[in-house]
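This report covers one protein structure.

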Amino acid sequence: MEILVTRPLPDAVLDKLGAAHDVTLRESTEPLDRDEMLAALTGFDAVLPTLGDAFSREVFEAAGDIRCKLLANFGVGYNHIDVAAAKAHGVAVSNTPGAVTDATADIAMTLILMTARRAGEGERIVRAGQWEGWGPMQMLGQHVTGKTLGVIGMGRIGQAIAKRCHHGFGMDVIFYNRSPKKVGFPARQRERLEDVAALADFLVVAVPGGAETHHLIGRDVFSSMPDHAIFVNISRGDVVDEAALIAALQAGDIGGAGLDVYENEPEVPEALRAMENVTLLPHLGTATLEVRTAMGMLAVDNILSFFAEGKPVNPV
């Protein structure tokens with residue numbers, strides 16, 4: 001089979017896939033454009049795409065005679081793929097859950113700590129040569145240990161974050177999940193997003209992207225948060241109404257934000273970049289060689305299973 005890999009991946013991943021199928025590697029790190037997506041669907045038996053490769057309904061409809069039978073997405077999130085349209089055109093979709101859990105939870109902890117303790121702001125002062133020495137009232141931030149964590153979305157990643165906060169920092173955990181969820185550590189479920197937001201010192205959103213969660217977090221959630229509370233997003237950028245977040249920060253309705261994802265990546269609004277109480281990371285959630293290799297291996301396993309057994313390991 002002929003397989004298109006849309007971005008450079010670790011050598012071990014390409015070697016494993018290449019041992020079983022003919023692989024075409026696209027060297028660019030930019031997302032596929034429309035013409036490239038049409039060529040991918042008509043010229044290959046399977047495609048290994050990733051974030052930004054926007055396989056929309058319009059693309060599937062415009063492709064005509066589609067040869068591709070599988071989009072083996074590199075990543076757990078697949079909101080860049082119209083899954084219903086793919087299936088309607090005979091294209092299966094898979095993803096890579098599990099491999100990303102710990103790395104993404106670690107980034108959430110990084111954002112919590114950096115924002116609460118003003119670490120980004122402090123590093124900028126040191127790098128600029130503006131630090132005048134230690135003092136008792138220098139750059140006072142927020143204490144993290146013993147505070148209350150609110151989690152929106154108690155799936156694998158949400159639970160991994162909550163465990164770190166509870167066991168590592170002695171935090172109370174409250175959460176919102178669209179269905180009842182039992183977890184193996186102390187945590188209280190609430191029926192409304194706003195109820196969790198109102199009680200949280202740190203509010204982390206960890207839901208999948210897609211139409212069902214588009215702008216899930218907006219003005220009502222931010223207005224419910226205490227004015228000292230810090231908001232953290234490690235899910236997908238369009239889960240958050242970015243304009244509402246900016247308005248809440250500018251009005252002092254919340255104490256700060258830690259963001260790894262953005263509504264229109266890689267564009268980050270100047271209003272966010274100008275705020276010292278906002279930590280901004282360039283989508284580092286799974287950015288370790290071990291994790292990216294594991295993600296790639298799982299994507300390859302989906303391809304191998306699909307052509308050998310008729311279904312991927314992790315169908316969407």
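## Helix H7

H7 has 14 residues and spans 19 Å from its first C-alpha to its last, close to the 20 Å expected at 1.5 Å a residue. The expected span is 1.5 Å times one less than the number of residues. The model is predicted: local features need pLDDT of at least 70, side-chain atom pairs count only at pLDDT 80 or more, and totals for chains, interfaces and linings use all residues. Residues are numbered from 1 along each chain as its sequence is written, and side-chain values use heavy atoms, with hydrogens and water left out. Helices (H or I, at least four residues) and strands (E, at least two) are DSSP runs, numbered from the N terminus.

H7 covers residues 156–169. It lies across E6, E7 and E9, and runs at about 175° to E6. Axes are lines fitted to C-alpha atoms, for helices over the stretch in contact, and angles run from 0 to 180 degrees between N-to-C directions. Ile-157, Gly-158, Gln-159, Ala-160, Ile-161, Ala-162 and Cys-165 of H7 are buried. Buried means under 20% relative accessible area, exposed over 50%, and partly exposed in between (1.4 Å probe, protein chains only). The cover over the buried residues of H7 includes H5, E6, E7 and E9. Just after H7, Gly-170 takes a positive phi of about 60°.

## The sheet

Seven strands form an open sheet with parallel pairing. Their order is E8-E7-E6-E9-E10-E11-E12. Strand E8 (188–190) and strand E12 (278–280) are the edges; each has a single partner strand, so one side of each is left without a neighbour in the sheet. From one strand to the next, the twist averages 20°. Two strands pair if DSSP finds at least two bridges between them.

Strand E7 (residues 172–176) runs parallel to E8, and three bridges join them. Phe-175 has Gln-189 in E8 as its bridge partner. E9 and E10 are also parallel, joined by four bridges. There, the bridge partner of Val-205 is Asn-233 in E10. In a regular strand the side chains alternate between the two faces of the sheet. In E10, Ile-230 and Val-232 point one way and Phe-231 and Asn-233 the other way; all are buried.

## Packing of Phe-185

Phe-185 sits in the loop between E7 and E8. Its relative accessibility is 7%, so Phe-185 counts as buried. What does Phe-185 contact, leaving aside its neighbours within four places in sequence? The partners are Met-154, Gln-159, Ala-162, Lys-163, His-166, His-167 and Val-173. Contact means heavy atoms within 4.5 Å. Phe-185 and Gln-159 are 26 residues apart along the chain, and their C-alpha atoms are separated by 9.2 Å.

## Cavity and pocket

On a 1 Å grid over the protein atoms alone, a cavity is a set of points where a 1.4 Å probe fits but cannot get out. A pocket is an open set with protein on both sides within 12 Å along at least five of seven lines; lining residues have an atom within 4 Å of a point. Grid points are joined across faces, edges and corners, and a volume is the space filled by probe spheres set on the points. The count comes to one cavity of 30 Å³ or more. The largest cavity holds about 40 Å³ of space. Its lining is Asn-233, Gly-237, Val-240, Glu-242, Leu-245, Leu-259, Val-261 and Tyr-262.

The second largest pocket has a volume of about 300 Å³. It is lined by 23 residues, and Arg-124, Glu-276, Asn-277, Val-278 and Thr-279 are the closest to its centre. H5, helix H6 (119–127), helix H11 (270–273) and E12 each supply at least two lining residues. H6 gives the largest share, four residues.

Most residues other than glycine have a negative phi, and most peptide bonds are trans. Met-139, not a glycine, has a positive phi of about 45°. Met-139 lies in the loop between H6 and E6, and at 25% relative accessibility it counts as partly exposed. His-283 has a positive phi near 50°. This residue is in the loop between E12 and helix H12 (289–309), and counts as partly exposed at 24% relative accessibility.

The peptide bond from Glu-265 to Pro-266 is cis, with omega near 5°. Pro-266 is placed in the loop between E11 and H11.
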